[in-house]
Amino acid sequence: MTQEQFAARFGFSTATLRHWERGDRTPHGPALVLLGVIERNPAAVIEALSGTAFCFAAT
């Protein structure tokens, strides 16, 4: 997967990915958590972001 594809699929900017890969910056907070989930279970993140994930509505 290219940087552009990864960025588009998971909601990061391409510039941010390049900074992380070069070591200019490091991910923090929610971005770091999201990257960890992507690493462990990318399909779950793709499903959640696609809008097809089943959600329980509070009643």
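1. **Ground rules.** The model is predicted, so local features need pLDDT of at least 70 and side-chain atom pairs count only at pLDDT 80 or more, while totals for chains, interfaces and linings use all residues. Residues are numbered from 1 along each chain as its sequence is written, and side-chain values use heavy atoms, with hydrogens and water left out.

2. On the helix 1 side, the contact (heavy atoms within 4.5 Å) is made by Gln3, Glu4, Phe6 and Ala7, and on the helix 2 side by Thr14, Leu17, Arg18 and Glu21. Sorted by class, that gives 3 nonpolar, 2 polar and 3 charged residues, where Ala, Val, Leu, Ile, Met, Phe, Trp, Tyr, Cys and Pro count as nonpolar, Asp, Glu, Lys and Arg as charged, and the others, Gly among them, as polar.

3. **A salt bridge between the helices.** Two of those contact residues, Glu4 and Arg18, also form a salt bridge, with the closest N and O atoms 2.9 Å apart. (The rule: a side-chain nitrogen of Lys or Arg within 4 Å of a carboxyl oxygen of Asp or Glu.) The pair links distant parts of the chain, with Arg18 in helix 2 (residues 14–22) and Glu4 in helix 1 (residues 3–10), 14 residues apart. Arg18 is partly exposed at 34% relative accessibility, and Glu4 is too, at 43%. (Buried means under 20% relative accessible area, exposed over 50%, partly exposed in between, with a 1.4 Å probe and protein chains only.)

4. **The other salt bridge.** The count comes to 2, and the partner pair here is Arg22 with Asp24, at 2.7 Å between the closest N and O atoms. Arg22 counts as exposed at 54%, whereas Asp24 is partly exposed at 46%.

5. **The aromatic rings.** There are 3 aromatic pairs (ring centres of Phe, Tyr or Trp, using the six-membered ring of Trp, within 6.5 Å; planes under 30 degrees apart are stacked, over 60 edge-to-face, the rest tilted). Phe6 and Phe10 make a tilted one, 4.8 Å centre to centre with 55° between the planes. Phe12 and Trp20 pair edge-to-face, at 5.1 Å and 75°. Phe10 is buried at 5%, as are Phe12 and Trp20. Phe6, Phe10, Phe12 and Trp20 form one aromatic cluster.

Note on methods: Helix = DSSP H or I, 4+ residues; strand = E, 2+ residues; numbered from the N terminus.
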